[in-house]
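This report describes selected features of one protein model. Look at the sequence and the structure first, then read on.

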Amino acid sequence: MAQLCRMDSALSTLDEETLWDTLESHRCKIVQSICPSRLTPYLRQAKVLGQLDEEEVLHSARFTNSAMRVGHLLDLLKARGKNGAVAFLESLKFHNPDVYTLVTGLQPDIDFSNFSGLMETSKLTECLAGAISSLQEELAQEKAQKEVLLRRCQQLKERLGSAEARAEGLRQLEVDHSRMKHEVSVHFHEVLKLKDEMLSLSMHYGNALREKELAATRCHSLQEELYLVKQELQRASLVSSCERESRERSLRMASDLECEGEELNRLKEENEKLRSMTFSLVEKDILEQSLDEARESKQELVDRIHSLRERAVAAERQQKQYWEEKEQTLLQFRKTQVDCELYREKITTLQGQVAELQKERDQAYTARDRAQMEISQRLVEKDALRRRVFELTEQVCELRTQLRRLQAEPSGGSRLWWDLTSTSCREQMDSFRSSSPMPPSQQSLYKRVAEDFLEDPESLSFPEVLEVRLPGATGDDTDTDLEYEILDGADLSQSEDSLQEFSRSPNVSESSAPVRRRPARKILSQVTVLAFQGDALLEQIGVIGGNLTGIFIHRVTPGSAADEMALRPGTQIMMVDYKPTQPSLRATLENTTLEQAVCLLRRVNGSCYLSVKVNTEGYKNLIQDLDAKVVTSGDSFYIRVNLAIQRKGVGELHAHCNDILHVTDTMFQGRSCWHAHHVNPYTLKDMEPGTIPNYSKAQQQLLALIQDMTQQCTVPRKPSGGPQKLVRIVSVDKASRSPLSSSLDQGQLASGREEGGSSACFWAESFFTLAPYTLVHPHRPARPRPVLFVPRAVGKILNKKLCLLQGFKQCPAEYLSQEEYITWNQRGDIIQEGESMGDHHWVTRHAVESLMNTSTHALLDVRLDSVRALHRMDIFPIIIHVSVNEKMAKKLRKGLQRLGTSEEQFLEAARQEEGELDRVPCLYSSLASDSWSDPDSLLSCVRLAIADEQKKVVWTEESPC
């Protein structure tokens, strides 16, 4: 290597160590300010940098940004010793004179006599001539662009007045929109208050009815006791009168017998008299014959008397029996008469109550239909207003962009402070990358300082590391794998002093300007944060993947900013940060679907941060699966359909409400539809494939279906247990961070494209309230699952019979003291209070799991709102819904009488509990009313349903936040 000669006198006296110490002290400024591709030709001609070293510096995949490439270049030159330092300073003198002045403190003097002899004069001249010609061409282009911009500025100034007037009109529309939104919120809260008051009144009314029924029951029992006492008195009087009559009758019969004895004696005396008299033979024969006849008549009379006595005794006995039967019959008759009167009064009262309830029910149905109609109309009006707001917002954004372009070229001495206060996208883009061959100007340094200070005033006071947090996220939601790195302590103190001096006076020297913090990567997480110009990012890169595999870069446009940042196919995108939008976009792309990722990246149109990592193995596996047509994307999740989807074309999938579908592609063939499969309920395998509408289109179908059902409110209502239901109403506060919310964004993006704008595609994440699809997760419990019946009255009837069978047992309510209840409740082991046992008795997790561990189905008598508590305990109950109507209620009359419940009360409770089934976060088995004819056949159907549900996969929804 040639010897050093013809150097500046100030640098010739410095040795190698002093030169490199000077360069290292300004290393941070050097790596931020220079472009390695401009310096490497001179260094290669000076023979301090080889061709392989140049290729490694400029094209190595290990270096993902310009700062890392310059750092590696300095490390290679340091290995060349003093010649490397001198050649580097000479290249700075030519290409970056401001950096040369900052490092050496000397003014650059481009004179061939002052250069070292590290390269030949002819080669140096050729290199310098080429660089000068390129600079002249760029300068001419800049002048032409300046003239065009001046003419454009004059035109824009003429249009500024009209733009300001239109902006004022748009601001007035925004105020009206916020006022209407506030009024809707106020009306919604008033409706909630009215509903709460109606609920409290209904509860008070129910309590009053129960108290009235108890009073009527008590009155009835007192009347029965009074009637029994009266009957006892009447019976005693009747017995006494019967005894008196029997005594009189016996006395009369005794007197009759005495009369007959006197007549017999008289006849005996006459017979003796006749014997004493002397008669003739003829007379004697006649008398004997008369005597025989008299004897015969006497015997007949005696026999007749005996028969009469026997008949009298039998008649007396039969009379007593008849009297007893008569008394019992009279008693039963009077008791039945009293009961009939009581029941007549009770039926009259119940008929009045039923009429009132029917009237209230009809009013409630009418109010509900009216409210649904109003809700649907308001939703349609909301959509129209929001589309109008999106159009106006797009116009505002265009006007603001034009205004910022006008403000980008101020005149006179106010240019410096105009740049300091401007927050346009052009300034942010200039802060990261400049297309000019000249180094950043002093005004650009001022703008960078002001931008850092306005964005984060406290960032300059942090010691070493600044963590990146999502907007509005708490500490738990912070992505700790991604960080930003700023200056060390020495440079930080220098930056603070410079910023304070800058705040005091606008006249700041070049050496006092602080440097901008730079993105860096955290080595342990292998995640790299890239800052570059992402204009129309999806035109620079193409992505594939999904929530299962991750989002990968599949295509990079040659010559784009993404290509210059060394983004290659196989790089996985972890997070995107794009601040120029309002609100700012910062989202993590892990566990997001392809549809959501494309919609997020489509919004990026300017300076952005991309957090990426190399995942070659995952990308290769995805490409192999796509080439083998095993999958069509990297998406995979399960949903529960909340509406009936009809097949309208070839390839579309027919689905009922509450069906489970496996979604495998959210951008199937580039259309706004999802590719899904029906799922085998026992093996979890995919079955019939087809396409279904995406989230936004399904939501429109759901709203249209609800509106059609509301308009058909005059059609008579079908009884419970009828055909397959069409809609399941599931309301949500806002779209959650799940694969389902992406379709909402995609739908809004599509509507924005149709209307000519793209800035409003994500503004609707919080106003949709009806969910056509619900995200679900599969579970396979190994132990017997507990059983819960709907309606609960049917469950109480069936639980008594199921407890007699093997494998079923009623779950008892445990007694807990106040301290035990507080402890168990803090652990989340309380399911529900035992209503039949009273206070201090609770259905607990321990009681349910103790039965499950013995291979027994626990029979639960709890409300449907306890299902979420059971799911949090990893207990997944089997819900059996028994559809009932008036005909089926009559079949359960005996069981309902034992429970003290009438058929009308049972049917009303069944309707209320059926309405709560839509809010249950899992599937349930339903038994049609025509599948059973008596309680025994119902018990058989229930046993078969429980056995079938135990074999199935359990699908549960996510708990609401």
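Which residue forms a salt bridge with Arg827? The partner is Asp829, and the closest N and O atoms of the two are 3.0 Å apart. The model is a predicted one, and every value given here is computed from it.

**Salt bridges**

The pair of Arg827 and Asp829 belongs to a network of salt bridges that also links Arg845 and Glu849. Asp829 counts as buried, because its relative accessibility is 11% and the cut-off for buried is under 20%. In general, side chains of opposite charge can pair when their charged atoms come close.

How many salt bridges does the structure hold? The number is 25.

| Residue | Partner | N to O distance |
|---|---|---|
| Arg827 | Asp829 | 3.0 Å |
| Arg361 | Asp362 | 3.7 Å |
| Asp176 | Arg179 | 4.0 Å |

Asp176 and Arg179 both lie in helix H9, and because they are three residues apart there, about one helical turn separates them. Asp176 has a relative accessibility of 24%, so this residue counts as partly exposed. Arg179, at 42%, is partly exposed as well.

**Charged patches on the surface**

Which residues form the positive surface patch? Arg152, Arg159, Arg166 and Arg405 do. Helix H9, which covers residues 121–276, gives the largest share of this patch, namely three residues. Arg405 is placed in helix H10. With a relative accessible area of 56%, Arg405 is exposed, since the cut-off for exposed is over 50%.

There is also a negative surface patch, made up of Asp285, Glu288, Asp292, Glu293, Glu296, Glu300 and Asp303. Asp303 sits in helix H10, which covers residues 281–407. The relative accessibility of Asp303 is 42%, so Asp303 is classed as partly exposed.

**Strands**

Strand E19 runs over residues 857–860. Are its residues His857, Ala858, Leu859 and Leu860 buried or exposed? All of them are buried. His857 and Leu859 point one way from the strand, while Ala858 and Leu860 point the other way. In a regular strand, side chains alternate between the two faces of the sheet.

E19 pairs with strand E14, residues 787–790, in the parallel sense and over two bridges. Here Leu788 has Leu860 of E19 as its bridge partner. E19 is also joined to strand E15, residues 808–810, by three bridges, and these two strands run parallel. In that pairing, His857 of E19 is the bridge partner of Phe808.

Another strand, E9, covers residues 637–641 and contains Val641. Why does Val641 count as buried? Its relative accessibility is 0%, and buried means under 20% relative accessible area. How far apart are Val641 and Thr774 in sequence and in space? They are separated by 133 residues in sequence, whereas their C-alpha atoms are 6.7 Å apart in space.

Definitions and conventions: Residues numbered from 1 in each chain as written. Predicted model: local features only at pLDDT ≥ 70, side-chain atom pairs only at ≥ 80, totals over all residues. Heavy atoms only, no water. Patch = residues over 30% accessible without salt bridge, like charges linked within 9 Å, V, L, I, M, F, W, Y side chains within 5 Å. Areas by Shrake-Rupley, 256 points an atom, 1.4 Å probe, with all protein chains shown as cover. Salt bridge = Lys/Arg side-chain N within 4 Å of Asp/Glu carboxyl O. Lys, Arg positive; Asp, Glu negative; His and termini not counted. Charge placed at Lys NZ, Arg CZ, Asp CG, Glu CD. Helix = DSSP H or I, 4+ residues; strand = E, 2+ residues; numbered from the N terminus. Buried < 20%, exposed > 50% of the residue type's maximum accessible area, 1.4 Å probe, protein only. Pairing = 2+ DSSP bridges.
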